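This briefing is intended for a reader who has the coordinates at hand. Please consult the sequence and model shown here before reading on.

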Amino acid sequence: MNFELKPLSLVDVATEKCDALLVLVSQDFKPLKDDISQLTAQAQKAADFEAVPGKILQIYRPAQVNAVRMVLVGVGDGSERHVRTGVQAAVSAVKGAWLKKLVIAFASSAREASVRAAVLAVADATYSYTLTKTKKEERTVQKVLLTCTNASEVQTTFDKTAATVAGIELAKEWANRPANFTTPTMLAEAALELAKLPKISCEVLEPEDVAKLGMGAFMAVAQGSDQPLRFIVLRYAGAAKSRAPVVLVGKGITFDSGGISIKPAPEMDEMKFDMSGAASVLGVFRALANIKPALNVVGLIPACENLINGKAVKPGDVVTSMSGQTIEILNTDAEGRLVLCDALTYAERFKPAAVVDIATLTGACVIALGAVRSGLFTSKSDLANALIEAGETSQDLCWRMPLDEEYAEGLKTNFADVANVAGRAAGSVTAAKFLQRFTEKYPWAHLDIAGTAWKGGTAKGATGRPVGLLVEFLLGQAAAK
Ligand code: BES
Ligand code: MN
Ligand code: ZN
């Protein structure tokens, strides 16, 4: 999908040839003399249209307008939330095989946040998963032209958002694919594919390499599956070698059955999404290749299945992590922290400026924050602020959670240095406390995306979060020094 931004008034918009024209009308809309304004004013007067968010009025081949279909779209106060609602409603109303060129016109000037919301919403509403369907309803929209009167003021945000969409969609695509189409090997191939893009390189470690490194915790999870593990190392080199990189670590459990501590059957299929953290890392690299910011980024993905063959790790087994710490695996379903802890130790070799891990880590985080905000854990307030701010700007929100030492109490055991689970209370915090033990050598933050990475129910599918947040955070880091 191709995005373009043009500075057009409604007079010019009327001359744009397209399959559908969405005119975003806010409550404070003041009609001018042009045809579209006049039509809108008439429709409002006749109570056929109101500028409330999500309200739409479709008009076929309106006279004096070059669009085949015009849709008046209510966007309330013009805020990002109302623009999102409006664009979602309008796109689902006009979606059809004929829809190739779409124009989205802000009736007058537009705010940066509203432009971002419009681009994100149109991408989301036209995304289509097709890989494993025989009746493929591919996205038909090829070109989206966004117009407003103050285009130069919002150009940077527009370009950044359009570039990020490619990353969001790559993340969605890989997360959506069933586990038999997203094995650790296939994920590694996706990463190697990214390495064809400018400034990106990739190295894939196999079971023997991981064994040599002593990643006993990662190996313990992988040993229950016949699919061999992969440890993916991606690099984006946008600045001098001397510049310390930001390291992103993505949980890459391509299917989480729970292992011997097996999960209940209902909704277990959704555990194909347990590699959404890994998918978000791939997505970030896709966006970096588009934006080419001046910084260095390393992406680490420990990828394996959490399954139950005869060699599977058992509750009570003690393993030695790459850090040397021994871990008693009391619950094999707390596998994410086991693969992540070794990746976090591996991250030390890059002498990172910061490490951010991204993981569908705990059901408890879904209970705490639902699908609105990802959980953010870090003891560094500057890192917290940067990530929170990036979340607000990118409209990919997170919320800071605590890391008090008292929360680590339950991870104590008589049989190893640490246990992989504590009690039920504050489950997302105790998981983060476990990870924190492996991050002493650098500033670290953890994003628990268990509630935000995918939607369940009839709209089941990956969201591509938190690619937007991470890209915005990285661009902030590039600008900082
Ligand atoms: N991948 C799950 C977390 C998860 C569960 C994400 C539901 C999204 C929805 C993770 O590996 C897991 O199973 N965590 C356990 C931890 C528990 C055993 C301490 C959980 O949350 O139940
Ligand atoms: Mn699990
Ligand atoms: Zn998991």
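The points below concern the metal sites and the domain arrangement.

The model is predicted, so local features need pLDDT of at least 70 and side-chain atom pairs count only at pLDDT 80 or more, whereas totals for chains, interfaces and linings use all residues. Residues are numbered from 1 along each chain as its sequence is written, chains are lettered from A and ligands numbered from 1 in the order in which they are written, and side-chain values use heavy atoms, with hydrogens and water left out.

**Manganese site**

- Asp 256 (OD), Asp 333 (O), Asp 333 (OD) and Glu 335 (OE) coordinate the manganese ion (ligand 2) at 2.1 to 2.2 Å; donors are N, O and S atoms within 2.8 Å of the metal (3.2 Å for Na, K and Ca), and because water is not among the atoms, sites may look incomplete.
- The arrangement of the six donor atoms around the manganese ion (ligand 2) is irregular because their angles run from 72 to 169 degrees.
- The donor residues of the manganese ion (ligand 2) follow the sequence spacing D-x76-D-x1-E.

**Zinc site**

- The zinc ion (ligand 3) is coordinated at 2.0 to 2.4 Å by Lys 251 (NZ), Asp 256 (OD), Asp 274 (OD) and Glu 335 (OE).
- Its six donor atoms subtend angles of 78 to 175 degrees, which makes the arrangement around the zinc ion (ligand 3) octahedral. Six donors count as octahedral, and four as square planar, if opposite donors are over 155 degrees apart and all others between 65 and 115; four count as tetrahedral if all angles lie between 85 and 135 degrees, and anything else is irregular.
- The donor residues of the zinc ion (ligand 3) are spaced K-x4-D-x17-D-x60-E.

- Asp 256 bridges the manganese ion (ligand 2) and the zinc ion (ligand 3), which lie 3.2 Å apart.
- Asp 256 counts as buried at 3% relative accessibility, as does Glu 335 at 1%; buried means under 20% relative accessible area, exposed over 50%, and partly exposed in between (1.4 Å probe, protein chains only).

**Domains**

- The domain assignment, which is automatic or from a database, gives domain 1 (2–151) and domain 2 (173–480).
- About 860 Å² is buried between domain 1 and domain 2, with carbon and sulfur atoms giving 46%; buried area is the accessible area (1.4 Å probe) that two parts lose on being put together, summed over both.
- Arg 116, Tyr 129 and Leu 131 supply 51% of the area that domain 1 buries against domain 2.
- One salt bridge is counted between domain 1 and domain 2 (a side-chain nitrogen of Lys or Arg within 4 Å of a carboxyl oxygen of Asp or Glu).
- The side chains of Arg 116 and Glu 472 form a salt bridge at 3.2 Å, N to O.
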